[in-house]
Amino acid sequence: RVEVLLHEEASAVGLSDKLLQRLLTCESAAGEAHASLKSELQSAARAEMNQGQQLLEARTVFSVELRESREELENDCEAGCRSRRVLAEQLLSTQLQLRQATEQLTLTEQDVQRLTLTANTQ
């Protein structure tokens, strides 16, 4: 129907059928190019939206993993501090035992010297 109207208008202005055919071919090609470009733009927009969604998901996963890693590190640090406290307490206890043992050893040496003196004097 559009072609018939164009034919009539082309005849009215003295446009040849060959020129009209070229015009219709160009218009058809322009329509196809427009449709193709529109389709490509829609595909690109969808791809961009998908990429944005993937980036958002990756960011969320990264944030969760980062939080979990930080919590693990904090727990490890707390465990390390508790372990150091226990070791420090054990060290203090061992030092106390060593001091007591040294004092007992000193007393034993004094006892040996006294006994030796006593034995020598008799």
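Visitor: How many positive and how many negative side chains does the protein chain have, and how far apart do the centres of the two sets lie?

Guide: This is a predicted model, in which local features need pLDDT of at least 70, side-chain atom pairs count only at pLDDT 80 or more, and totals for chains, interfaces and linings use all residues. Residues are numbered from 1 along each chain as its sequence is written, and side-chain values use heavy atoms, with hydrogens and water left out. Lys and Arg count as positive and Asp and Glu as negative, while His and the chain ends are not counted; the place of a charge is NZ of Lys, CZ of Arg, CG of Asp or CD of Glu. On that basis the protein chain has 13 positive and 20 negative side chains, with the centres of the two sets 4 Å apart.

Visitor: Which side chains meet in a salt bridge?

Guide: Side chains of opposite charge can pair when their charged atoms come close. A salt bridge requires a side-chain nitrogen of Lys or Arg within 4 Å of a carboxyl oxygen of Asp or Glu, and a search of the whole structure finds one. At 3.2 Å, N to O, the partners are R114 and D111.

Visitor: By about how much of a helix are R114 and D111 separated?

Guide: Helices are DSSP runs of H or I with at least four residues, strands are runs of E with at least two, and both are numbered from the N terminus. R114 and D111 are three residues apart in helix 2, so their separation is about one helical turn.

Visitor: Is E65 buried, partly exposed or exposed?

Guide: E65 lies in helix 2, which covers residues 17–121. Buried means under 20% relative accessible area, exposed over 50%, and partly exposed in between, with a 1.4 Å probe and protein chains only. Because the relative accessible area of E65 is 45%, this residue is partly exposed.

Visitor: What percentage of the residues count as buried?

Guide: Along its principal axes the C-alpha trace spans about 155 × 20 × 15 Å. Of the 122 residues of the protein chain, the buried share is 2%.
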